[in-house]
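Subject: Structure for you to look at

Hello,

Here is the structure I said I would pass on. Please open it alongside this note, and my findings follow below.

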Amino acid sequence: MEALDKYVEYTSVSSIAGPLLIVEGVKGVAYGEIVEVITPSGEKRTGQVLEAREDIAVVQVFEGTSGLSTDRTKVRFTGETAKIGVSLEMLGRIFNGAGKPIDGGPEIIPEKKMDINGYPLNPVSRRNPNDFIQTGISTIDGPNTLVRGQKLPIFSGSGLPHNELAVQIARQAKVRGEGEQFAVVFAAMGITSEEANFFMEEFKKTGALEKAVVFINLADDPAIERILTPRIALTTAEYLAYEKDMHVLVILTDMTNYCEALREIAAARNEVPGRRGYPGYMYTDLATLYERAGRVKGKKGTITQIPILTMPHDDITHPIPDLTGYITEGQIVLSRELHRKGIYPPIDILPSLSRLASKGQGAGKTREDHSKVISQIYAAYAEGRSLRDLVAVVGEEALTERDRAYLRFADEFEKRFVSQGKDEDRSIEETLDIGWELLTILPKEELKRIPEELIEKYLPKK
């Protein structure tokens with residue numbers, strides 16, 4: 001952002017701590033204001049006011065404070081909040097975490113500039129999330145149906161294939177219906193250069209980039225940029241949804257890296273830590289991101305969110321997944337046990353949940369049998385899983401024929417329903433048909449959750 005001469009320039013930097021500058025003797029400074037920092041060598045850097053009280057301002061420098069000194073550093077407050085220029089030209093482009101193009105293409109000519117902090121949605125103006133979004137992943141579309149306007153996180157663990165799953169969802173996701181415009185906004189935070197290359201190559205190679213806007217923040221980028229990246233992505237999504245009438249799916253990965261950046265900045269400010277060293281306001285901060293998903297009255301476009309986070313030590317009670325679960329409408333849980341079996345995607349449907357699944361199921365959205373057949377499959381798989389524990393104790397010979405059928409159902413369910421190729425895009429009809437085929441393993445009298453007329457219509461004859 002260019003400095004404006006009419007703004008007062010301060011040389012009263014009293015201390016430098018990590019990425020922070022403490023500026024004294026300031027007047028009229030506001031929280032979130034963008035700052036221009038001029039180094040002793042004349043280089044210009046950008047910062048943001050993190051705290052403003054009486055005549056003191058705490059400034060976070062985006063590019064870091066190396067080379068700055070308290071006596072020769074100049075600080076100029078611009079009076080502006082952080083904004084991003086948005087345009088339809090952003091579709092098909094790749095940007096860094098601060099919104100600058102990194103794909104070799106030209107700068108974006110913005111149609112307008114928008115505040116990246118967004119504006120809180122009045123709850124009265126919200127409409128209930130509705131209408132099915134097809135991801136092509138059976139374990140999501142079937143039991144954990146995603147609907148427009150929902151926020152449905154993926155809980156993963158270190159070493160699990162959440163990056164591959166994120167790219168597959170970004171590539172395959174679509175809304176059903178004529179004339180509907182769909183776009184993906186993909187934001188990666190705190191990733192390695194290798195991961196960044198993987199994302200960029202996958203988007204370019206598969207053609208998914210045409211309908212996507214990609215933001216990539218690397219692990220060695222400043223922590224403050226990691227705080228800005230999801231906000232820039234969501235602002236872009238709001239422009240596409242509410243001004244261009246598009247249905248937008250926002251994928252944010254990895255929210256754990258985002259929360260680590262929050263903790264780093266809180267430590268630099270000497271704040272009193274909360275649970276496990278994370279700031280006490282982390283719940284509020286995450287809510288300012290997640291609650292930007294939804295449907296708004298009078299607007300055709302919608303914003304749906306899939307935040308992805310890696311649970312430290314696979315601990316689902318860790319503050320990051322715990323707080324995320326409070327704010328969002330369910331979770332998709334990746335299983336290390338399924339991953340060890342070579343099953344992709346290793347989604348465990350038992351701890352997974354979409355609280356709004358019923359809003360996207362049924363005739364006119366998916367198919368009339370959706371909720372009933374999935375309920376039966378879920379119950380059968382849960383019983384088959386519990387029988388595996390029994391077999392470990394008494395052996396399979398002690399089981400009845402009925403029990404053996406459930407045990408076989410659980411094995412076949414993982415091989416044929418859960419497991420699918422990384423390029424396999426299943427329609428919801430294909431997913432439900434696989435479910436019906438699996439139910440032929442069980443005696444017909446066990447199908448107690450499905451009405452007789454649906455059994456007659458859809459259950460394959462043995």
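Start with E1 and strand E7 (residues 74–81), an antiparallel pair held over two bridges. Glu9 has Arg76 as its bridge partner in E7. Bear in mind throughout that this is a predicted model.

E7 has another partner. Strand E4 (residues 33–38) is joined to E7 by five bridges, and the two run antiparallel.

Now the whole sheet. It is open, has seven strands and uses antiparallel pairing. The order is E1-E7-E4-E5-E6-E3-E2. Strand E1 (9–10) and strand E2 (13–17) stand at the edges. Each has a single partner strand, so one side of each is left without a neighbour in the sheet. In general, the strands of a sheet pair through backbone hydrogen bonds, either parallel or antiparallel.

Further along the order, strand E3 (residues 20–24) pairs with strand E6 (residues 56–61). That pairing is antiparallel and spans five bridges. Look for Leu20, whose bridge partner in E6 is Gln60.

Next, the second largest pocket. It holds about 620 Å³ of space. Its lining is made up of 26 residues. Which of them are closest to its centre? They are Tyr31, Asn117, Arg231, Asp285 and Thr288.

Four elements each supply at least two residues of that lining: strand E5 (44–53), helix H4 (223–242), helix H5 (255–268) and helix H6 (282–290). H4 gives the largest share, five residues. By class, the lining of this pocket has 13 nonpolar, six polar and seven charged residues.

Last, helix H10 (residues 401–418). It has 18 residues. From first C-alpha to last it reaches 24 Å, close to the 26 Å expected at 1.5 Å a residue. Where does H10 kink? The kink is centred on Glu412 and is about 30°.

Glu412 is also buried. Other buried residues in H10 include Asp403, Tyr406, Phe409, Phe413, Glu414 and Phe417. Ala405, Leu407, Ala410 and Val418 are buried in H10 too.

Best wishes

Conventions: Residues numbered from 1 in each chain as written. Predicted model: local features only at pLDDT ≥ 70, side-chain atom pairs only at ≥ 80, totals over all residues. Heavy atoms only, no water. 1 Å grid on protein atoms, 1.4 Å probe; cavity = no way out; pocket = protein on both sides within 12 Å on 5 of 7 lines; lining within 4 Å. Points joined across faces, edges and corners; volume = space filled by probe spheres on them. Nonpolar A, V, L, I, M, F, W, Y, C, P; charged D, E, K, R; others polar. Pairing = 2+ DSSP bridges. Expected span 1.5 Å × (residues − 1). Bend = angle between axes of the 7 residues up to and from the residue. Buried < 20%, exposed > 50% of the residue type's maximum accessible area, 1.4 Å probe, protein only.
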